[in-house]
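Subject: Structure handover

Dear colleague,

I am passing the structure below on to you, and after it you will find my notes on what was found. Please look through the model first and then read on.

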Amino acid sequence: MSPSRPPDDKLSTTRRRFLGQGTAVGAALATGAAWAPAQAQPAPDDPSKILGNPVRPYGERSPFEQAVRTHGGKTDEVGVGSFTPLDESLGIITPSSLHYEVHRGGVPDIDPAKHRLLIHGLVDRPVVLSVEEIRRLPSTSRILFLECQGNTQKEWWRKPKGKTVQWTHGLTSCSEWTGVPLSLLLREAGIQKGATWIVAEGADASGNERSVPMAKVMNDVLVAYGQNGEAPRPENGYPLRLIVPGWTGNINVKWLRRIKVVDRPYLTRMDGTGQSVLLPDGKSRHLNFVMEAKSVITSPSGGQRLGGPGFYEIRGLAWSGRGLVRRVEVSMDAGTTWRDAGLQSPVLPFAHTRFRLDWQWDGREVVLQSRCTDETGYVQPVLADLVKVRGLNSHYFNNAIQSWKVAADGSVHNVHV
Ligand SMILES: Nc1nc2c(c(=O)[nH]1)N[C@H]1C(S)=C(S)[C@@H](COP(=O)(O)O)O[C@H]1N2
Ligand SMILES: [Mo]
């Protein structure tokens, strides 16, 4: 086989179709300078003459890969967060090293051999479990998104707006989480009559105590000790954390050390004022849980620059705290008309879903938007509709449609339309 030819026949057909000078896409690609024609590239060194690097006991990415989390200032919710570079993400899994982070008491150093989980309160047999004991129990793995309810909050009304999708939407990530159903632990402990809630507490300086209703606990909550095939990173809750599918990031208590079974929500700091939603009448809504359907185009997105007219694949992520993403539409005229994007498999409940749409950019200014519909039929709203209901101060839980303007020079900007 000639070395310049990809071994996979299907791939070579695709390449011919996209690169062939006879097709519109191929011509556009060539003029768009996305791929220089083969003859313009320098001949590669002969790799068979260069000895490669030795193996590494623990993997690292190529030094040419530079994507990093960015950290907010110190002044608000996002100030305690580090943002995932969604513009650089591929597929639906966030590498653990780029998973977003929010913590208010720093990242504790926990020796798993000394760590314990206490389960007490309205149970027949209070129990103290080691990490080792928890890892021996029947396990389960699920691909699930986490999203901080402060994600996208600056888009509500604050200035300055985020310039990139990392700043506007980077407080969401998606991992495969492995652990044991909390229902199993509670059944072992014996749930008493009248037990309708739990309070979960972390082993960091903030504690981050949260009340979770028993119906949710018994349905799908996990005590996780695995993230993307290994133990969670310290930043993400090593060695144990609560995973509450589809619900606000804050309730996913990290460094889990205590579960108290109780008969009412305890209205802890984080149940209440720490995470409440302020309404126009001055009242605030406590115990907010579900992350509603949301989507965002990650490419093209703010701060990127298109290299001229031609073929592009519009790419993005969609998710819903109520289960499956059913549909994602893309608008190329600021929301007047919409086209269905393709959903890339796997499409999983409570997970990021990748959407894609082929696009031929004609070089004129255009506003791109995406709109997600979930399995309940709920359609992602525009910001104006959210503000009508919640007023101007309610910056948490902003799941509004995001607009990116592609200017004629190819630069991409965050705009409100
Ligand atoms: N113990 C503890 N759990 C915590 C927090 C914390 O500060 N301490 N932060 C919460 C918040 S606000 C969010 S959004 C998620 C973030 O999880 P991650 O850092 O793994 O992305 O963890 C939640 N669990
Ligand atoms: Mo959060």
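**Aromatic rings, charges and the ligand**

Phe289 has a relative accessibility of 15%, and because buried means under 20%, this residue counts as buried. Please keep in mind as you read that the model is a predicted one.

Trp197, likewise at 15% relative accessibility, counts as buried. Trp197 and Phe289 form an aromatic pair whose ring centres are 6.5 Å apart and whose planes stand at 45°, an arrangement classed as tilted.

In total, the model has six aromatic pairs. Another of them joins Phe83 and Trp167, with 4.8 Å between the ring centres and 55° between the planes, so this pair is tilted. Phe83 lies in strand 2 (residues 81-83) and Trp167 in helix 4 (residues 165-169), which means that the pair ties together parts that are 84 residues apart in sequence. As for accessibility, Phe83 counts as buried at 2%, whereas Trp167 is partly exposed, with a relative accessible area of 35%.

Two charged side chains are also placed over aromatic rings. The charged end of Lys216 sits over the ring of Phe350, at 5.4 Å from the ring centre, and Arg371 lies over the face of Trp338, where the distance to the ring centre is 4.1 Å.

Turning to ligand 1, which residues come nearest to ligand 1? There are 20 residues around the ligand, and of these Tyr100, Asp204, Asn236, Arg241 and Lys254 come nearest. Some of the contacts involve the backbone: a polar backbone atom of Tyr100 is 2.7 Å from an oxygen atom of ligand 1, and a polar backbone atom of Val102 is 3.1 Å from an oxygen atom of the ligand. With Asn236, by contrast, the contact is made through the side chain, where a polar atom lies 2.8 Å from an oxygen atom of ligand 1. Taken alone, ligand 1 exposes 530 Å², and the protein buries 100% of that area.

Terms used. Residues are numbered from 1 along each chain as its sequence is written. Chains are lettered from A and ligands numbered from 1 in the order in which they are written. This is a predicted model: local features need pLDDT of at least 70, side-chain atom pairs count only at pLDDT 80 or more; totals for chains, interfaces and linings use all residues. Side-chain values use heavy atoms; hydrogens and water are left out. Rings of Phe, Tyr and Trp (its six-membered ring) pair if their centres lie within 6.5 Å; planes under 30 degrees apart count as stacked, over 60 as edge-to-face and the rest as tilted. Helices (H or I, at least four residues) and strands (E, at least two) are DSSP runs, numbered from the N terminus. Buried means under 20% relative accessible area, exposed over 50%, partly exposed in between (1.4 Å probe, protein chains only). A charge sits over a ring if NZ of Lys or CZ of Arg is within 6 Å of the ring centre and within 35 degrees of the ring normal. A residue is near a molecule or strand if one of its heavy atoms lies within 4 Å of it. A polar contact is a pair of N or O atoms within 3.5 Å; within protein, one must be able to donate a hydrogen and the other to accept it, and residues adjacent in sequence count only if both atoms are side-chain atoms. Accessible areas come from the Shrake-Rupley method with a 1.4 Å probe; for residues, only the protein chains shown count as cover.
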